Amino acid sequence: MARSALLNVMVQAAFKAGKSLARDFGEVQNLQVSLKGPGDYVSQADRKAEKLIREELMKARPTYGFLGEESEEIIGTDGAHRWIVDPLDGTTNFLHGIPFFAISIALERNGEIVAGVVLNPGTDELFTAERGGGAFLNDRRLRVAARKNLSDAVIGCGIPHLGDVNHGKFLIELRHVMGEVAGVRRLGSASLDLAYVAAGRFDGFWERDLMPWDIAASVLLIREAGGYATDLDGSNAVLASGTVVAGNEYIHKALREVVQRPVPAR
Ligand code: IPD
Ligand code: CA
Ligand code: CA
Ligand code: CA
């Protein structure tokens, strides 16, 4: 598997941040933590990782823009390219000592995601994709799962945190989904959850209210692994919508229908 120079830059940046996160994860009780809103945490570890990634990427391509969760956006001078970065996706897991979190780095060109990297620094699982070049887990080519029926499917999801207005909506969707599928999981890192769809571990996934940095890299992973990742209407503009439904052709279609099923009148 040959990686382009740009993908190599992204991989290097992810590993650099991964080392920093792994060190901080070992001393998580000593980290400074603050709240951005109810149930929404950020720590020194998030900020340090973003700084490392930003420096590495901006050094390699100084004219590109940069959109990261924890720092002010840089508008690029080249007008076409933008990095989209989540330095620590799964902060709540991280701060609780749960080793399921990731670094997500995507490259957007003229509004299209052309390369994506998701790294789990706990397991050294590196998910990469370039548009038209396939998706990989380390050196292994990925393919979404082949299961066609929801009744055989394991579906990942995201649960709204404290302060989110969508608790009621989520419970209705969950009730409908769990009535149709073999099992539902909530692992707590959207980028890694979606990478699990690309790897055929999850048959499908849905979540609302995600940010571009949660999904940009993984949506490309899924598409390059032969799957679908759209909003509820089936539009590919998931970064704008923030809602993602993913899976192979069959599960994606069926899951979209179930998530949107109307509540029966009493
Ligand atoms: C969060 C995680 C989580 C998802 C939240 C995200 P963060 O990202 O991806 O799984 O349910 O919506 O905000 O804040 O840990 O980077
Ligand atoms: Ca966050
Ligand atoms: Ca995130
Ligand atoms: Ca984050």
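Predicted model: local features only at pLDDT ≥ 70, side-chain atom pairs only at ≥ 80, totals over all residues.
Residues are numbered from 1 along each chain as its sequence is written, and side-chain values use heavy atoms, without hydrogens or water. Local features need pLDDT of at least 70, and side-chain atom pairs count only at pLDDT 80 or more, whereas totals for chains, interfaces and linings use all residues.

**Exercise 1.** Determine which residues come nearest to ligand 1.

*Solution.* A residue is near a molecule if one of its heavy atoms lies within 4 Å of it. Of the 13 residues around ligand 1, the nearest are D89, G90, T91, A190 and E207.

**Exercise 2.** State how far polar side-chain atoms of D89, R186 and E207 lie from an oxygen atom of ligand 1.

*Solution.* A polar contact is a pair of N or O atoms within 3.5 Å. For E207 the distance is 2.5 Å. For D89 it is 2.6 Å. For R186, a side-chain N or O atom lies 3.0 Å away.

**Exercise 3.** Identify the domains that each supply at least three residues to the shell.

*Solution.* They are domain 1 (5-141) and domain 2 (150-259), with bounds from an automatic or database domain assignment.

Key
Chains lettered and ligands numbered in written order. Polar contact = N/O pair within 3.5 Å; in protein donor to acceptor, adjacent residues only side chain to side chain.
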